Amino acid sequence: MSPESHSVSGTSWLGDPIDARPLFSSELAALLETLRGLRPSDWRKTALPRWTVHDLAAHILGDYCGRLSRTPGGYRGAITPGETLKAFIHRTNQEWVDLHADDSPTSLVDALEVAGTQLADRFATADLEAPSLGVSWAGADPAPGWLDTAREFTEYWTHRQQIRHAIGRATDPEPHAMATVLDTFMRALPHTLRHTAAPVGTQIEVIAEGPVGGRWTATATTNRWSLAEPPSDRPTASVTLDTETAWRLCTRGIDPTTALARARLQGERRLADGVCQIVSIIH
């Protein structure tokens, strides 16, 4: 396999499509319930290294507005000369959060309900096969509509878990949402392994253990790693993680070294190390 080659037709290498469309309404309801139950002091708790719960709620509102209009509140501007996409996203995210720093919790929640409801309605009828926004961490640009939609769902779900953790709650165990998030995050495997050279036919199995876990097999093909090939009974390498470690690794809530220490590994260590570099967000 040539790890530098990206000349493929279609996006079948991403694996079977995911339909996250029915989950947006229930995800919004869970977010609103969490936010409405917060004490005043909870809004000031740290949810991310530079953001409080209030900041993160404002960021989610920006995400909603961005998907509805592509320009959150008419505010988001253009990439400046020499600015990378990653730097642009981080800069404009912070500018949006700063813009809403003085919003009251009540006004934030009300705005989230309005925009989130509109967005859930829009996603309910999204075309899963149409070319859509690129998903950089999966190496797909344009991405099929199903991956773009599922990616958006994982972002909202992840931010809600970060709020839950900030106020001392565990990750929401609701199985359908968690299973969808893990399945979406693992679509980053072919892109993660793009620089990992291996003979054609080499297979790496990734297992997320738990009631809502799953199993994914990345196969080295002529042009790239693929999730579309049938798994064999004897993969070259196997990485087993518990579900909490798996999703936190994909969002960099924990680092690869910590994930490897928690994992059960079989087969070629080099391949297992490559798997644990997975990132399913813009990082």
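Begin with a cavity. Helices α1 (24–36) and α4 (105–124) each supply at least two residues of the lining of the second largest cavity. Helices (H or I, at least four residues) and strands (E, at least two) are DSSP runs, numbered from the N terminus. The model is predicted: local features need pLDDT of at least 70, side-chain atom pairs count only at pLDDT 80 or more, and totals for chains, interfaces and linings use all residues. Residues are numbered from 1 along each chain as its sequence is written, and side-chain values use heavy atoms, with hydrogens and water left out.

The lining of this second largest cavity is made of Phe24, Glu27, Leu28, Tyr64, Gly116, Leu119, Ala120 and Tyr156. Six are nonpolar, one is polar and one is charged. Here Ala, Val, Leu, Ile, Met, Phe, Trp, Tyr, Cys and Pro count as nonpolar, Asp, Glu, Lys and Arg as charged, and the others, Gly among them, as polar. The space inside is about 50 Å³. On a 1 Å grid over the protein atoms alone, a cavity is a set of points where a 1.4 Å probe fits but cannot get out; a pocket is an open set with protein on both sides within 12 Å along at least five of seven lines, and lining residues have an atom within 4 Å of a point. Grid points are joined across faces, edges and corners, and a volume is the space filled by probe spheres set on the points.

Five strands form an open sheet in the order β7-β6-β5-β8-β9, with mixed pairing. Strands β7 (225–226) and β9 (264–267) stand at the edges with a single partner strand each, so one side of each has no neighbour in the sheet. Two strands pair if DSSP finds at least two bridges between them. Strand β8 (residues 237–242) pairs with β9 in the antiparallel sense over four bridges. In one of these strands, β9, Gln266 is the bridge partner of Ser238.

Finally, look at the backbone. Asp141 and Pro142 are joined by a cis peptide bond, with omega about 5°. Pro142 lies in the loop between β3 (131–132) and β4 (143–144). Arg252 has a positive phi, near 60°. Most residues other than glycine have a negative phi, and most peptide bonds are trans.
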